[in-house]
Amino acid sequence: MNNRPRASLGRILHDLGSTVLDVAASPGDLDAEVTGVHIHDPFDEPLVQPGAIVLGVGVRGAPEISALLQSARGAAGVVVKLPVDVDEQVRATVLETGVAVLGLTRAASWAQIVALLRSLLAEGDLSEPGEGPQGDLFSLANAVCALLDAPVTIEDRSSRVLAFSGRQDEADPGRVETVLGRQVPPRYRRMLEDRGVFKQLYQGREPVYIELDGDSINRVAMAVRSGDEILGSIWAAVREPLTPQRQRALADAAKIVALQLLRERAGADTQRRLRADLLSTVLAGGADAAEAAGRLGIATQRLCVLAAQLIDPPGVDPARAEGDRQRFCDALALHVAAIHPKAAAAPVGSVAYAVLPLNPGDPSRAGDEEARAVHVAQSFLARVGPRHTANVGVGRLAASLPQVTRSRADADRALRVLRARNATGEAAGYSTVHFESLLLQVADVANAEEQTPTGPYQRLIAHDGEHGSELVSTLRAYLDAFGDVNLASAQVHVHPNTFRYRLKRLVEISGLDLSDPDARLTVMLQMRIFGQ
């Protein structure tokens, strides 16, 4: 098979077909290279990567389209929902900026077009310099399409679309709906099951011709198998049965698709391990960090490191926990990729790390990169919350590659603070938990040197241990309430007079001078460090 062409705008439009995306206004040729997908937010600064396809969610009318084009200079194209209002001003702005305007069918959701575009852009992300993909499912689908002279989809056992060819606009609405949703609609799948199509398809080793009712175009399907294992199937929209020659071509193509599916199955784990190794190298720093960052495409980026960790329920099966961690990391990788095309994520031990490139943005908002990364983490936790309970620590901005290790350490410390708080489903930036992190580090030193409480605090602990009193908790409540006896007594559920008596006793026993701010600070720090 030939290598898949680079992801040009023209190539993407050819793959999707005019039923999904159509050109409303063009500056000329459509050979601009597409580097990623950007969702336009009118309330955020326009940080559009060169070569991105900008999705103009909610953009309506020629003035808004012109304004979007002005803010998306350097993009490959902008997408708005049909019908597209193109006037002379829009055409002039297209020529000025060199950005094409594309119309998206109203039947497609923005989530669907994001998934489709990212599928088309996903090939070769980790290829070595000078190497291209050695054939892929989309290339195979286009090759089969040429052999059969019919639009083709390649699907898995659950009727999810793994790849599709061009010319899908020549098929029927059911095929268009299938491609947009990346899944055969349930009503069509039930119809095929009721007619016994899947049983016939998976039991036989020849193409199956399926006549459909109404305005639907008939189908011919071929199972893709490896020995006795069914890997998926190929579906072509045809108007008449295939000739014997084309049936043989489809059967031969199914064998090649099977090999590619097996390669991708083996390669998925290999690629995951490769990304994990590269990201680990970047996070660790050292001589190889620059090369690893270059292969991940983040060598020249300003980065924040995110450290995300699942909270495993007690007694969870280790195998299930490992699977949950992998799915959690995959979800994190997908989420950060939606923010920036060069973001990377991989599991390292029990923690899923992500490096999130952050553009400088508006100079008036300089310094808020950590807050923006925390917002990304909070959004991720909100999305996975129903399935995964986790916390995320966010490191400070790494303005250069050597600072990435510091950002990773920051993220780990912020995550540790959240664990110490027994937090669930929370994200924290290191700057906001800096002092708590320092106290935990001091506690580590104290434990390592086997240090113990001293002075008034030690005498209170000893008295409580010998007499079963609650003088330490009384002192803690008093300090937490800034000396407000009524508030402190309510916290420990005793009468204010009882609380005053306990307070008097603890002063007598410990010798603590509560009027001395240094003495109060000393005992408060000992409480935090030794955790009594």
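**Close-up views of a predicted model**

View 1. Helix H12 covers residues 369-384, and its 16 residues should span 22 Å at 1.5 Å a residue, which agrees with the 23 Å between its end C-alpha atoms; the expected span is 1.5 Å times one less than the number of residues. Helices (H or I, at least four residues) and strands (E, at least two) are DSSP runs numbered from the N terminus. The model is predicted, so local features need pLDDT of at least 70 and side-chain atom pairs count only at pLDDT 80 or more, while totals for chains, interfaces and linings use all residues. Residues are numbered from 1 along each chain as its sequence is written, and side-chain values use heavy atoms, with hydrogens and water left out. Among the buried residues of H12 are Glu369, Arg372, Phe380 and Leu381, where buried means under 20% relative accessible area, exposed over 50% and partly exposed in between (1.4 Å probe, protein chains only).

View 2. The 14 residues of helix H19 (residues 517-530) should span 20 Å at 1.5 Å a residue, and the end C-alpha atoms are 20 Å apart, which agrees. Ala519, Val523, Gln526, Met527 and Ile529 are the buried residues of H19, and what covers them includes helix H14 (434-448), helix H15 (455-467) and helix H16 (471-480). At the N-terminal end, Asp516 caps H19 through a side-chain oxygen that lies 3.0 Å from the backbone nitrogen of Asp518, whereas just after H19 Gly531 takes a positive phi of about 65°.

**View 3. Helix H15 against H16.** The axes of H15 and H16 come within 8 Å and cross at roughly 135° (axes are lines fitted to C-alpha atoms, for helices over the stretch in contact, with angles from 0 to 180 degrees between N-to-C directions). H15 and H16 are therefore oblique to each other, given that angles under 35 degrees count as roughly parallel, over 145 as roughly antiparallel, 65 to 115 as roughly perpendicular and the rest as oblique. Tyr457, Leu460, Ile461, His463 and Asp464 in H15 meet Leu471, Val472, Leu475 and Arg476 in H16, contact meaning heavy atoms within 4.5 Å.

**View 4. Two loop residues with positive phi.** Arg182, in the loop between helix H6 (173-181) and helix H7 (186-194), has a phi near 55°, a positive value in a residue other than glycine, and is buried with a relative accessible area of 15%. Glu450, in the loop between H14 and H15, also has a positive phi, near 55°, but counts as exposed at 68% relative accessibility.

Key
A polar contact is a pair of N or O atoms within 3.5 Å; within protein, one must be able to donate a hydrogen and the other to accept it, and residues adjacent in sequence count only if both atoms are side-chain atoms.
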